[in-house]
Amino acid sequence: MNYGEIKNCDIANGIGVRVSLFVSGCTHHCKGCFNPETWSFSYGKPFTEETEQELLELLSAEYIDGLSLLGGEPFEPENQKVLLPFVQKMRKLFPEKTVWCYTGFILETELLTPSRARCAYTDELLGLIDVLVDGEFVEDLKDISLQFRGSSNQRLIDLPKTLVTGKFCQWQE
């Protein structure tokens, strides 16, 4: 897996001050995407053991509230394969910090049921995420007044509650 960028004091992609990892590779190709260079799976730098250590060090700061995964597309199967062991390690080291993930896939129809995104890593990765922002960016639904999302079709999902109840639970601050 490659990644395009690491932001170490991000306040736009989740609650509080966060470390954000922008992975490379996305097959959605949303019109008006703010990060089209990350569509290519070869964009950026390889995600290595050194990258992982850098992220864990950044996450260790007391003022950091958690990790945000963006892209590109974190739920492309080849990205899930690399992200799962990293997020497992992060959760073990920092259980009090939250994980937010942005995906163009829809939870109920593409991540929880058979689809091109669903693979051997999906359920376990979903189980490590606190807030999932799902749905492709739709330029015609762009709304800059929305918190933590770019278009009105995208949902802020309280993923632990949704997975336990089996029904969509909107995230509430």
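I began with α1, which lies across β1 (2–10), β2 (18–23), β3 and β4 (66–70) and runs at about 15° to β1. Contact here means heavy atoms within 4.5 Å; axes are lines fitted to C-alpha atoms, for helices over the stretch in contact, with angles from 0 to 180 degrees between N-to-C directions. Helices (H or I, at least four residues) and strands (E, at least two) are DSSP runs numbered from the N terminus.

A note on the source: this is a predicted model, where local features need pLDDT of at least 70, side-chain atom pairs count only at pLDDT 80 or more, and totals for chains, interfaces and linings use all residues. Residues are numbered from 1 along each chain as its sequence is written, and side-chain values use heavy atoms, with hydrogens and water left out.

Next I looked up the sheet. Seven strands form an open, mixed sheet in the order β3-β1-β2-β4-β5-β6-β7. β3 (45–46) and β7 (155–158) stand at the edges with a single partner strand each, so one side of each has no neighbour in the sheet. Pairing requires at least two DSSP bridges between two strands. I found β6 (residues 131–134) and β7 paired in the antiparallel sense over four bridges, and Asp134 has Arg155 in β7 as its bridge partner.

Then I turned to the helix pair. The axes of α1 (residues 49–59) and α2 (residues 77–93) come within 11 Å and cross at roughly 30°. That makes α1 roughly parallel to α2 (angles under 35 degrees). I noted that Glu49, Glu52, Leu55, Leu56 and Leu59 in α1 meet Phe86, Lys89, Met90 and Leu93 in α2.

Notes
Angles under 35 degrees count as roughly parallel, over 145 as roughly antiparallel, 65 to 115 as roughly perpendicular and the rest as oblique.
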